[in-house]
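Trainee: I have a new model on screen and would like to go through it with you. Where do we start?

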Amino acid sequence: MNPLVELRKVVKDYPMGATSFRALRGVDLAVGEGEFLAITGPSGSGKSTLLHLMGALHRPTQGQVLFEGQDLAELSVDELARLRNAKIGFVFQQFHLLARLTAWENVALPMVYARVHPAARRERALAALARVGLSAFAHHRPNQLSGGQQQRVAIARALVNNPKLLLADEPTGNLDTRTGQEIVELFVSLHGEGRTVVIVSHEPEIAARAERIVILRDGLVQEERRARG
Ligand SMILES: Nc1ncnc2c1ncn2[C@@H]1O[C@H](COP(=O)(O)OP(=O)(O)O)[C@@H](O)[C@H]1O
Ligand SMILES: [Mg+2]
């Protein structure tokens, strides 16, 4: 498998007043094209930081992040934004939907930045909502939807530009167990369609649905194991 994303000796420091905090302490990790990876580990171990680096949201303090073989350090801020918009879909624990917009309008937002023709946006947003089982809710606003439905809208929004890579940070963290399982099964089926999926979760039942599990501790990969794959 060719790596889609690769981290080489990645260190990430966060400034803390006069000093700094080292959140990642030299991580080597490659995610294969078409792989389904889970990242797990205790709170504060660096999971979100790692996901943000994979998604080109942050730059490493030291080391390299490569996407499709290209070193992201060579890209400008604008180029990184374009890459994220075209190739990466993000899903977060807090769904981050805009309250004033309907479900389909939320899903359509990434297409505005991608300069998709306005006439095509609605149709593509509706198709993405259909993919996550929410055709009947296209005109609902977030506060008219359950938590599980809001997360499905967020997943449709992440999918709408047809990204190669889907990154999810604790996507079931705000959901009850059964709804969380439905959401993880949705990620399993999106992976089955050929997408590369990386999901952060500290819930073992969620992580177990991936092909490979990477366990972080104190900013380092502590252990890797095969899961269902
Ligand atoms: N913006 C920040 N400024 C300072 N410290 C941060 C920042 N973001 C995260 N950290 C620290 O870095 C460590 C790793 O954080 P994070 O990647 O969010 O871990 P996780 O997602 O595994 O809980 C934690 O100790 C956290 O407090
Ligand atoms: Mg986190």
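Trainee: Which residues of helix 3 are buried?

Mentor: Keep in mind that this is a predicted model. Helix 3 covers residues 103–113. An α-helix has 3.6 residues a turn, so residues three or four places apart point the same way. The buried residues here are A103, W104, N106, V107, A108, P110 and M111.

Trainee: What covers the buried residues of helix 3?

Mentor: Look at other helices. The cover includes residues from three of them, spanning 77–87, 118–131 and 147–159. Those are helix 2, helix 4 and helix 5.

Trainee: Which element gives the largest share of the largest nonpolar core?

Mentor: That core has 63 residues. I39, V107, L129, A156, L167, V198 and I199 touch the most other members. The largest share is six residues, and it comes from helix 5.

Trainee: What is I199 in contact with, leaving aside its neighbours within four places in sequence?

Mentor: I199 is among the core residues that touch the most other members. Set its sequence neighbours aside, and its contacts are A38, A168, P171, F187, I206 and A210.

Trainee: In what order do the four strands of the open sheet run?

Mentor: The pairing is antiparallel. Strand 2 and strand 5 are the edges, each pairing on one side only. Strand 1 is joined to strand 2 by 11 bridges, and E6 has A30 as its bridge partner in strand 2. The order is 2-1-4-5.

Trainee: At what angle to strand 1 does helix 1 run?

Mentor: Helix 1 lies across strand 1, strand 2 and strand 4. Its angle to strand 1 is about 125°.

Trainee: Which element supplies the largest share of the shell around ligand 1?

Mentor: The shell divides into four nonpolar, seven polar and one charged residue. Strand 1, strand 2 and helix 1 each supply at least two of its residues. The largest share is three residues, from helix 1.

Trainee: Is A23 buried or exposed?

Mentor: A23 lies in strand 2 and is one of the residues around ligand 1. Beyond four places in sequence, A23 touches K12, Y14, G46, T49 and G219. It has 22 C-beta neighbours inside 10 Å, so A23 counts as buried.

Trainee: How far apart in space are A23 and D218?

Mentor: In sequence they are 195 residues apart. C-alpha to C-alpha, the distance is 7.3 Å.

Notes: Residues are numbered from 1 along each chain as its sequence is written. Chains are lettered from A and ligands numbered from 1 in the order in which they are written. This is a predicted model: local features need pLDDT of at least 70, side-chain atom pairs count only at pLDDT 80 or more; totals for chains, interfaces and linings use all residues. A residue is near a molecule or strand if its C-beta atom, placed from the backbone, lies within 6 Å of it. Ala, Val, Leu, Ile, Met, Phe, Trp, Tyr, Cys and Pro count as nonpolar, Asp, Glu, Lys and Arg as charged, and the others, Gly among them, as polar. A residue is buried if 20 or more other C-beta atoms lie within 10 Å of its own, exposed if 12 or fewer, and partly exposed in between; C-beta atoms are placed from the backbone. Two residues are in contact if their C-beta atoms, placed from the backbone, lie within 7 Å. A nonpolar core is a set of buried Ala, Val, Leu, Ile, Met, Phe, Trp, Tyr and Cys residues joined through C-beta atoms within 7 Å. Two strands pair if DSSP finds at least two bridges between them. Axes are lines fitted to C-alpha atoms, for helices over the stretch in contact, and angles run from 0 to 180 degrees between N-to-C directions.
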